[in-house]
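This report goes from one residue to the whole chain. Please have the sequence and the coordinates open while reading.

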Amino acid sequence: MENLCNITDIQRFSLHDGPGIRTTVFFLGCPMRCIWCHNPETQRVFPQIYLDSQRCVKCGGCVFECPGNCHSITEEENKHIFNSDKCIRCGKCADICGSGALSFCGKTVSVGYIMDIVLRDRAFYGKNGGITLSGGEPSLQYEAANALLLASRENDINTSIETCGYYLDKIDLSLCDHILFDIKAFSPKKHIEYTGKGNERILQNLKNASVKYADRITLRSVIIKDINDTEETVLNLKELALKHGIKKTELLKFHPYGSSKAENIGRAENNIFGSERVPTEEQLIKLKSLL
């Protein structure tokens, strides 16, 4: 039986998820709940209702159809409010939505389906491009992730995985040409505060992975204004890389797109960072100079 996986999207011709031109597969499911998450629609492992507020005509059909009372239309602002806490994913709201404002975000596909797309794109990869497993956290669906990595390797496709590291021990790293390892915070206390999880398992997985594959790992941190935009963050990242023989590090600029997406999936309170948390280019250049 072929491996199946839940994904939100397959982004073709991506330039930001590893070297070269890549086909990026966004897996559903993540063990963390980062308060600055860029892709909150990928946190849950199953497809969920997504509201495109720009297409909503405020007809109120979903309000009457939803058995969980997840939808409401405000009288004063005439705004569609969606709260997914009681959503049972029955899809009745999406079925009755004539404007297409409500739909399911995510789908179940086979590894073969993904590989068909990857193989069609291979002509554009050149020497460095290939497939990137992203998310969410691809290692949460490790059976499908490993099957996809193996199929890519068998077809001489360059492979990359973007990971928080929590379940990286479930991945066959011999099949990964690039391991883009995101470090959220350095102290266990801060890590729990920012992500809901401790970092002990993550650091152990990093240590184990670096024994054989240090040359494939890039350590990365997202820089967020007034949260971790400090020299201490960069020096900690640099020290961690040196400790494990990792030569590649990267600082990523926070972007606020996750806050609007969190609102669209009915979980606005889970993503509280907006444009005020975006660091300036000057800040980023200064911090990068320390690496």
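## A loop lysine

Lys247 sits in the loop that joins helix H7 (231–243) to strand E12 (248–253). The model is a predicted one. Is Lys247 buried or exposed? Its relative accessibility is 80%, and exposed means over 50%, so Lys247 counts as exposed.

Ala214 is 33 residues away from Lys247 along the chain, yet the C-alpha atoms of Lys247 and Ala214 are separated by 7.7 Å.

## Secondary structure and contacts

How many helices and strands does the chain have? There are nine helices and 12 strands; H7 and E12, on either side of the loop with Lys247, are among them.

Among contacts in the chain with a separation of 6 or more, 70% are accounted for by residues 24 or more positions apart.

## Overall dimensions

For 291 residues, a compact globule would have a radius of gyration near 19 Å. The value for the chain is 20 Å, which agrees with that expectation. The C-alpha trace spans about 60 × 45 × 30 Å along its principal axes.

## Burial, surface and charge

Of the 291 residues in the chain, 49% are buried; Lys247, by contrast, counts as exposed. The accessible surface of the chain is about 14400 Å², and carbon and sulfur atoms contribute 50% of it.

The chain carries 36 positive and 36 negative charges.

Definitions and conventions: Residues are numbered from 1 along each chain as its sequence is written. This is a predicted model: local features need pLDDT of at least 70, side-chain atom pairs count only at pLDDT 80 or more; totals for chains, interfaces and linings use all residues. Side-chain values use heavy atoms; hydrogens and water are left out. Helices (H or I, at least four residues) and strands (E, at least two) are DSSP runs, numbered from the N terminus. The radius of gyration is taken over C-alpha atoms; the globule rule is 2.2 Å times the number of residues to the power 0.38. Buried means under 20% relative accessible area, exposed over 50%, partly exposed in between (1.4 Å probe, protein chains only). Contact means heavy atoms within 4.5 Å. Accessible areas come from the Shrake-Rupley method with a 1.4 Å probe; for residues, only the protein chains shown count as cover. Lys and Arg count as positive and Asp and Glu as negative; His and the chain ends are not counted. The place of a charge is taken as NZ of Lys, CZ of Arg, CG of Asp or CD of Glu.
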